[in-house]
Amino acid sequence: MTVTDRNASAAWVADADEGEEPEDAMPLSMRLSIADTLTLSNATCGFLAVYFTTTGVLIPHLTNSGDAGVVRNNAATAVLLMLLASVFDLCDGLVARKLRASPMGAELDNLSDLISFGLAPAYFVLVWGMVVGDVHEPLSALAATVVLLAVVLRLARFSIVTMPNGVFQGMPSPFGALTVVSIVLLELPFTPTLLAIVGVAWLMVSRVEYPKPRGTLAVGMLAWIVLSMALLTAWAFDAPGGLLMLQTGCSLQLVLGAVIPLFAMARRVYAFRDHRREARAGIEP
């Protein structure tokens, strides 16, 4: 979930209104900024993730063709593209705060997030259910729908609710998407996997607070994404211990999803203590 500076966008529009534009100039609302280019790259990665999931996992399963190693490589590629989409999503927010953001930046961001962190992981869950077995397909389709709707609601709420103190309300959709995919890659029994996926969908629409990735946290998130890419690559090429490394990474992703809200909670506790301390200092003579 990218955080764009709406004031920066408004300032750009105000600056442009000071002078008259040539008649043949592109309307201001149609101009793309550097941040928008990164956002569109996010959407492209999400679409390609769906493509590789279809051509490399679903079609070989339906036609009983394709080597297991090839299927593993395509599944890893789809997840790598979702990870790359999260990198673009992280960077476009940073660029938008440093440079000018276009008037349609926020809308582009929501639409791109819906593709990469809503449609792509939900489709991944659906295909997983089809590969696991026909008896589980209806339930996996239901879980995929729940994930998609959770992201839709999450993005809609983000557009109209302003959260103070640098926190998100609910698990951010990029983090939620990667957590859902990690649950699938762990290859747990069907029922625990299904319950865990629905649990992540609930976290995305819940009121649990997650800190926004800024400063040190943003660097840490970027480092974690790069490490996850390395673990996926090792698994895709069947490196020694690759499966164990992948399972370890997926498990850590789940742990982070549960632990990260504690940082936001601790931050609120410290802020409350500081406020009380200042209030007492103001009362004392």
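User: In which helix is the place of glutamine 253?

Analyst: Glutamine 253 lies in helix α9; helices here are DSSP runs of H or I with at least four residues, numbered from the N terminus. The model is predicted, so local features need pLDDT of at least 70 and side-chain atom pairs count only at pLDDT 80 or more, while totals for chains, interfaces and linings use all residues. Residues are numbered from 1 along each chain as its sequence is written, and side-chain values use heavy atoms, with hydrogens and water left out.

User: Why is glutamine 253 called buried?

Analyst: Buried means under 20% relative accessible area, exposed over 50%, and partly exposed in between, with a 1.4 Å probe and protein chains only. Glutamine 253 has a relative accessible area of 4%, and therefore it is called buried.

User: Which residues are in contact with glutamine 253, leaving aside its neighbours within four places in sequence?

Analyst: Contact means heavy atoms within 4.5 Å. With those neighbours left aside, glutamine 253 is in contact with Phe175, Leu178, Thr179, Ser182 and Trp224.

User: Why is glutamate 187 called exposed?

Analyst: Glutamate 187 has a relative accessible area of 62%, so it is classed as exposed. This residue is in the loop between α6 and α7, and its phi is near 55°, a positive value in a residue other than glycine.

User: What makes aspartate 238 exposed?

Analyst: The relative accessible area of aspartate 238 is 57%, and so the residue counts as exposed. Aspartate 238 is placed in the loop between α8 and α9; although not a glycine, it has a positive phi of about 55°.

User: How do you know that the span of helix α2 agrees with its number of residues?

Analyst: The expected span of a helix is 1.5 Å times one less than its number of residues. Helix α2 (residues 34-63) has 30 residues and should therefore span 44 Å; its end C-alpha atoms are 43 Å apart, which agrees.

User: Where is the kink in α2 centred?

Analyst: The kink, of about 35°, is centred on threonine 54. The bend at a residue is the angle between axes fitted to the seven residues ending there and the seven starting there. Just after α2, asparagine 64 takes a positive phi of about 55°.

User: At which residue does α4 bend?

Analyst: α4 bends by about 30° at leucine 114. This helix has 28 residues and reaches 39 Å from its first C-alpha to its last, close to the 40 Å expected.

Note on methods
Helix = DSSP H or I, 4+ residues; strand = E, 2+ residues; numbered from the N terminus.
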